[in-house]
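Hi everyone, thanks for coming. Let me put the sequence and the structure up, and then I'll walk you through the parts I looked at.

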Amino acid sequence: MKLALRRWRQDDAKIIVAACTDTITQRYLPLLPSPYTHADALAFIERGATERAVVDADSDEVLGAIGWRPGRDNTAEIGYWVVPAARGRRVASTAVELLSAELFQTDFQRLYLQTALTNVASQRVAIAAGFTREGIARGASRWRDGTRYDTVVWARLADDPPGPSPRALPDLPDGRLTDGVVVVRPMVAEDGLVTYNLRVLPEVSGRSVVGTPADPAVIARQCAESASKWLAGQRAEMTIWRADDDAYLGEIAVYYAEPVLREAMIGYSLMPEARGHGYAARAARLVTDWGFESGMARMIAGTAVDNIASQRVLEAAGYEREALQHARLPGPDGTRLDNVMFAKVRPAAA
Ligand SMILES: CC(C)(COP(=O)(O)OP(=O)(O)OC[C@H]1O[C@@H](n2cnc3c(N)ncnc32)[C@H](O)[C@@H]1OP(=O)(O)O)[C@@H](O)C(=O)NCCC(=O)NCCS
């Protein structure tokens with residue numbers, strides 16, 4: 001489908017109202033009036049100069065909206081929405097590319113977007129349109145209830161290459177990994193409760209270096225923001241399920257702490273009833289192979305000296321014991337614990 005950008009017209013008001021009353025549009029564009037009325041649509045059309053309708057170039061059907069807000073020094077912030085029925089068809093990413101090309105032909109030299117950490121679709125739009133993730137602007141926006149939230153800032157400069165921008169952690173092939181016994185899937189917002197039930201177990205929180213907030217709302221938010229870390233190339237957090245009955249087994253993550261060295265670390269935890277069946281080793285093998293296919297050269301994992309079960313998992317997944325690191329891990333009451341470091345090196349291509 002070929003898209004075009006054109007000025008808004010009075011007779012577009014009805015579709016603007018329909019799109020702007022949609023729940024997801026209302027959530028992620030908290031500055032839109034609520035409820036959104038016909039009069040709001042007419043006022044939006046009136047403002048016109050830096051707003052465009054995204055239309056099917058053949059039929060002129062309105063599929064979305066895109067606009068820009070000029071800032072200082074030849075910069076502009078871009079914003080967009082797509083009508084619910086047209087989502088997932090590359091409307092937004094194509095529109096951002098079209099508008100960027102147009103603006104770069106004028107005086108603009110830096111274009112940027114801001115997305116909520118939970119707005120996966122919009123972060124993918126930014127990547128598809130060649131924007132680079134620059135960082136987190138803390139408390140930069142406000143939800144409708146007045147609470148502030150962090151945004152991800154994405155920018156494209158006039159001489160940046162076209163999209164998509166590169167990603168250090170690609171998506172899983174077909175959205176999952178499986179060996180027929182376990183299935184590993186990216187962590188999503190809906191995993192909040194199972195993840196909470198796992199992470200609050202004392203033997204799980206006790207082995208966590210970062211600590212576990214004993215608050216279901218915080219863990220639910222961490223799950224909802226997990227995709228953002230994956231898209232940033234920082235860590236790929238996944239849940240583990242049994243293939244035959246889809247029972248929740250636990251979680252596993254790949255932390256890409258040393259991309260320059262092409263070295264990533266894995267970490268995992270299982271629910272008590274899922275232990276002792278070899279599921280962790282299966283999941284570790286799956287994500288390790290995925291890491292190698294994704295360009296990593298070395299996968300590592302650390303365990304406390306007394307964590308024999310975890311050391312067995314790593315050996316079963318083909319890792320070798322490499323070193324005993326003194327006082328590497330923070331222990332209880334300000335103490336430090338030794339760490340047994342395991343590693344698996346990407347097999348040489350046959
Ligand atoms: C964000 C929004 C504009 C995306 O529009 P869209 O036309 O569906 O986006 P595209 O089809 O161009 O998709 C671009 C990428 O996002 C992915 N994507 C789209 N919807 C998704 C979803 N709900 N969940 C996960 N990924 C999604 C696509 O698969 C594609 O990924 P790829 O490039 O890796 O293949 C649309 O969801 C929307 O209108 N949301 C409400 C308003 C909003 O959030 N505006 C942006 C505020 S910053």
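This is a predicted model: local features need pLDDT of at least 70, side-chain atom pairs count only at pLDDT 80 or more; totals for chains, interfaces and linings use all residues.

Residues are numbered from 1 along each chain as its sequence is written.

Okay, back to those strands. Helices (H or I, at least four residues) and strands (E, at least two) are DSSP runs, numbered from the N terminus. E6 and strand E7, residues 148–157, pair in the antiparallel sense over 7 bridges; two strands pair if DSSP finds at least two bridges between them. Gly135 has a bridge partner in E7 as well, Val153. In the hairpin of E6 and E7, 5 residues sit between the strands, and Gly146 takes a positive phi near 95°.

Now zoom out. What is the strand order in the open sheet of 7 strands? Reading across, you get E1-E2-E3-E4-E5-E7-E6, with mixed pairing. Strand E1 (3–6) and strand E6 (132–142) are the edges, each pairing on one side only.

Next, the ligand. Its shell has 22 residues, and the closest are Tyr28, Arg87, Ala92, Ala121 and Arg124. To be in the shell, a residue needs its C-beta atom, placed from the backbone, within 6 Å of the molecule. Which element gives the most to this shell? That's H5, with 6 residues. Helix H2 (23–28), strand E4 (75–82), helix H4 (91–104) and helix H5 (120–128) each supply at least two.

Last stop, the cores. A nonpolar core is a set of buried Ala, Val, Leu, Ile, Met, Phe, Trp, Tyr and Cys residues joined through C-beta atoms within 7 Å. Buried means 20 or more other C-beta atoms within 10 Å of a residue's own, with C-beta atoms placed from the backbone. The largest core here has 44 residues, and Val184, Ile240 and Ala284 are among those with the most contacts inside it. Helix H10, residues 279–293, gives the most to this core, with 7 residues. Apart from it lies another core, of 37 residues, including Cys20, Val55, Val62 and Ala116. In soluble globular proteins, nonpolar side chains tend to be buried together.

That's my tour, thanks!

Conventions: A residue is buried if 20 or more other C-beta atoms lie within 10 Å of its own, exposed if 12 or fewer, and partly exposed in between; C-beta atoms are placed from the backbone.
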